[in-house]
Amino acid sequence: MRKTKLPSGLAVPVLGQGTWYMGDEAHRRADEIASLRLGLDLGMTLIDTAEMYGDGASEKLVGAAIAGRRDEVFLVSKVLPSNASRSGTIAACERSLRRLGTDCIDLYLLHWRGRTPFAETIAAFEALQDAGKIRHWGVSNMDVDDMREIERAPGGDAMATNQVLYNLTRRGIEYDLLPQAQDRGLPLMAYSPIEQGRLTEYPEVLDIADRHGVTPAQVALAWVLRQDGVIAIPKASTPEHVRENRAALDLQLTAEDLEELDDMFPPPDGPEPLEMI
Ligand code: NAP
């Protein structure tokens, strides 16, 4: 598994597993747990969840999937902005830890910007680090100006990542947010890398996939993973999808493929507000 480094120097896999909507339906539970465990077997040991997903159901499912295998996993979860006060962040983290069945989250993110000043949430993250309840902290859905503000806040330079929407159909970050992060050695975590499955429906992507004997989802993932400093966290709840996604790391897109994809999904030619799903 290819890895990238967090600013702390810790190496994490560039391909992880998302879990939004996992744990919502009892009849899918066994397949979802088996998929996450297969992903671990294949080296996709970074698992992303959030207190928001299914109102805790996703964290509970992840807890069941990683039971007995906690040491293999780089576990990411998120605090809601409505909980992101100093005491609220600590209480939310403790609830997440109980659902996840662990005593430490590897990377704890502020899910998006709310009303609480960044300095207050960062102080809570630092208290959680001191207590050994989280190892690293980061943010999600932060645009260029938010990132500058966080970096200027006390302790803000310890931020480990920004998790943002990035895929072939959402390339706005290539203009400024991505180069800004790359300059600082800060990996970005690309969420919805297959555009929630919609990228499998473009005939142009299918043509390129056919040329390589792979699937459109694999082209979409290989495209996100073509550059350093980007971590992709596709969500897959079947073993076939998990295996395909892992194999996307071995797919090398050619210059011709990339040109065709640029024609179909042009890169930004100016600043664009960060999109969110
Ligand atoms: P995604 O990963 O782009 O797409 C997931 C969809 O694609 C699912 O329907 C999945 O189906 C399907 N899929 C997965 N692998 C496939 C394959 N090889 N071939 C065909 N279809 C495939 O979208 P996402 O779940 O929105 O994003 C990924 C993760 O990012 C989330 O789960 C969550 O952890 C995180 N996220 C974070 C934020 C944030 O605000 N920070 C926002 C959105 C998402 P199956 O489930 O049937 O396999």
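Setting aside neighbours within four places in sequence, Y108 is in contact with S77, K78, V79, T89, A92, C93, F125, L128, I134, H136, W137 and G138. Y108 is also one of the residues with the most contacts inside the largest nonpolar core. The model is predicted.

**Nonpolar cores**
- The largest nonpolar core has 71 residues, and I150 and L261 join Y108 as those with the most contacts inside it.
- Helix α8 (residues 216-224) gives the most to this core, with seven residues.
- Another core, of 13 residues, lies apart from it and includes F74, L109, A160 and I231.
- In soluble globular proteins, nonpolar side chains tend to be buried together.

**Helix α3**
- The end C-alpha atoms of helix α3 (residues 86-100) are 21 Å apart, which agrees with the 21 Å that its 15 residues should span at 1.5 Å a residue.
- G88, T89, A92, C93, S96, L97 and L100 are the buried residues of α3.
- The cover over these buried residues includes the helices α2 (57-66) and α4 (118-130), together with the strands β4 (74-79), β5 (105-110) and β6 (134-140).
- T89, A92 and C93 of this buried set are among the residues in contact with Y108.

**Ligand surroundings**
- There are 29 residues around the ligand, of which D48, I194, S237, H241 and N245 come nearest.
- An N or O atom in the side chain of Q196 is 3.0 Å from an oxygen atom of the ligand.
- A polar side-chain atom of H111 lies 3.3 Å from a ligand oxygen atom.
- For P193, a polar backbone atom is 3.3 Å from an oxygen atom of the ligand.
- The ligand taken alone exposes 900 Å², and the protein buries 89% of that.

How values were computed: Residues are numbered from 1 along each chain as its sequence is written. This is a predicted model: local features need pLDDT of at least 70, side-chain atom pairs count only at pLDDT 80 or more; totals for chains, interfaces and linings use all residues. Side-chain values use heavy atoms; hydrogens and water are left out. Helices (H or I, at least four residues) and strands (E, at least two) are DSSP runs, numbered from the N terminus. The expected span of a helix is 1.5 Å times one less than its number of residues. Buried means under 20% relative accessible area, exposed over 50%, partly exposed in between (1.4 Å probe, protein chains only). Contact means heavy atoms within 4.5 Å. A residue is near a molecule or strand if one of its heavy atoms lies within 4 Å of it. A polar contact is a pair of N or O atoms within 3.5 Å; within protein, one must be able to donate a hydrogen and the other to accept it, and residues adjacent in sequence count only if both atoms are side-chain atoms. Accessible areas come from the Shrake-Rupley method with a 1.4 Å probe; for residues, only the protein chains shown count as cover. A nonpolar core is a set of buried Ala, Val, Leu, Ile, Met, Phe, Trp, Tyr and Cys residues joined through side-chain atoms within 4.5 Å.
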